[in-house]
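Student: I have not seen this structure before. Can you take me through it?

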Amino acid sequence: MTTPTVLVLDAEPLPRLGSLTGRARIEHTDESSLAERLPQADVLLVWDFASRAVRSAWPGEGPRPRWVHTASAGVDHLMCPELAASDTVVTNARGIFDQPIAEYVAALVLTMAKDLPRTLELQRERTWRHRETQRVAGTRACVVGSGPIGRTIARTLKALDVETALVGREPRTGLHGPEDLDRLLARADWVIAAAPLTEQTYGMFDARRFGVMQPSARFINIGRGPLVVEDALAEALLKRWIAGAALDVFEHEPLTPDSALWEVPGLIVSPHMSGDTIGWRDQLGSQFVELYERWETGRPLLNVVDKKRGYVPGR
């Protein structure tokens, strides 16, 4: 029996795949040689989940890997029409980032409600200024995106006694559909974007949606950068249509030093780190090894992406 070839689209630090020694031939590639190496691979591990090289390399000549795994929750960076139409199975890192991102969102909610950025500024200025802050308990949140990350965010906010509405692709028990979104935005104190990036969600938070929100609302995006029209968000903050915002993801990353977003009043900027806790890369590597063990024995893979929808279907 031929030993399967696992091709890794590299990013530093490299994944720890030593436990696959003798069971898989591990080969490494970068963006420049990916297209050339794809025909020889049985499996592609997209370890560099910030790269869009798969989209351009996949349509080339020759056979393609039977399975592609990305070390990320989102798959928009690798999906192209040719991959979507192929028999190749695509899996993602569903389950790794849910709780860390939910904790990060809760931290942002508390940070904005308790005006912690201003407290730190005043401390640096050695200024004693007593202020009143907002109670979180009893406020309302609208979480847009009903996958594992969105559901975990909703549970975490409910633990803070925040009344939380969850919006998904289709309505069902305990879940609102897109037709309810504007109504929920109009009454929410916290709006959290946790949706996958699809044709339907691209640019969904635009000037009209920010105009629907109440002036006291805060907006948080930990989903995908292009969910948000960034100029519209900046305008909404400058004109005080909404009270504040936090972005952990952006349309173009990394955010350049000359980006106007750094200076937008009321905006917290963080470098796509909401799901990255100590040891997260080891967890991603272990998850791939577990999936490989299923694949090599012919058992059904977990976290299989619906390539037409662009995410793993859930309940």
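Student: How many helices and strands does the protein have?
Tutor: The model is predicted, so keep that in mind throughout. Its secondary structure comes to 10 helices and 11 strands.

Student: Which radius of gyration does the protein have, and why does it count as compact as a globular protein of its length?
Tutor: The globule rule gives 20 Å for 315 residues. The protein comes close to that, so it is as compact as a globular protein of that length. Along the principal axes, its C-alpha atoms fill a box of roughly 70 × 45 × 35 Å. The radius of gyration is 21 Å.

Student: What percentage of the residues count as buried?
Tutor: Start with the surface: the protein exposes about 16000 Å², and carbon and sulfur atoms supply 52% of it. Buried means under 20% relative accessible area. Of the 315 residues, the share that counts as buried is 50%.

Student: Among contacts between residues at least 6 apart in sequence, what percentage join residues at least 24 apart?
Tutor: Take the contacts in the protein between residues at least 6 apart in sequence. The share joining residues at least 24 apart is 59%.

Student: What covers the buried residues of α10?
Tutor: Helix α10 spans residues 280-296 and reaches 24 Å from its first C-alpha to its last, close to the 24 Å expected. Its buried residues include Trp280, Leu284, Phe288, Leu291 and Trp295. An α-helix has 3.6 residues a turn, so residues three or four places apart point the same way. The cover over the buried residues of α10 includes β1, β3, β4 and β5.

Student: Which residue just after α10 takes a positive phi?
Tutor: Look just past the end of the helix. There the phi is about 80 degrees, and the residue is Gly298.

Student: Is Asp76 buried or exposed?
Tutor: Asp76 sits in the loop between β4 and α3. The cut-off for buried is under 20% relative accessible area. Asp76 has 15%, so Asp76 is buried.

Student: Which side chain makes a polar contact with the side chain of Asp76?
Tutor: Leaving out residues up to four places away in sequence, Asp76 touches Arg52, Arg55, Leu197 and Arg224. The polar contact between side chains is at 2.9 Å, and the partner is Arg224.

Student: Which residues does a cis peptide bond join, with omega about -5 degrees?
Tutor: Most residues other than glycine have a negative phi, and most peptide bonds are trans. Pro254 is in the loop between β10 and β11. The cis bond with omega about -5 degrees joins Glu253 and Pro254.

Student: What phi does Asp115 have?
Tutor: Asp115 is in the loop between α4 and α5. At 29% relative accessible area, Asp115 is partly exposed. Asp115 is not a glycine, yet its phi is positive, about 55 degrees.

Student: What phi does His272 have?
Tutor: His272 is in the loop between β11 and α10. Its relative accessibility is 30%, so His272 counts as partly exposed. Although His272 is not a glycine, its phi is positive, about 50 degrees.

Terms used
Residues numbered from 1 in each chain as written. Heavy atoms only, no water. Helix = DSSP H or I, 4+ residues; strand = E, 2+ residues; numbered from the N terminus. Buried < 20%, exposed > 50% of the residue type's maximum accessible area, 1.4 Å probe, protein only. Polar contact = N/O pair within 3.5 Å; in protein donor to acceptor, adjacent residues only side chain to side chain. Contact = heavy atoms within 4.5 Å. Rg over C-alpha atoms; globule rule 2.2 N^0.38 Å. Areas by Shrake-Rupley, 256 points an atom, 1.4 Å probe, with all protein chains shown as cover. Expected span 1.5 Å × (residues − 1).
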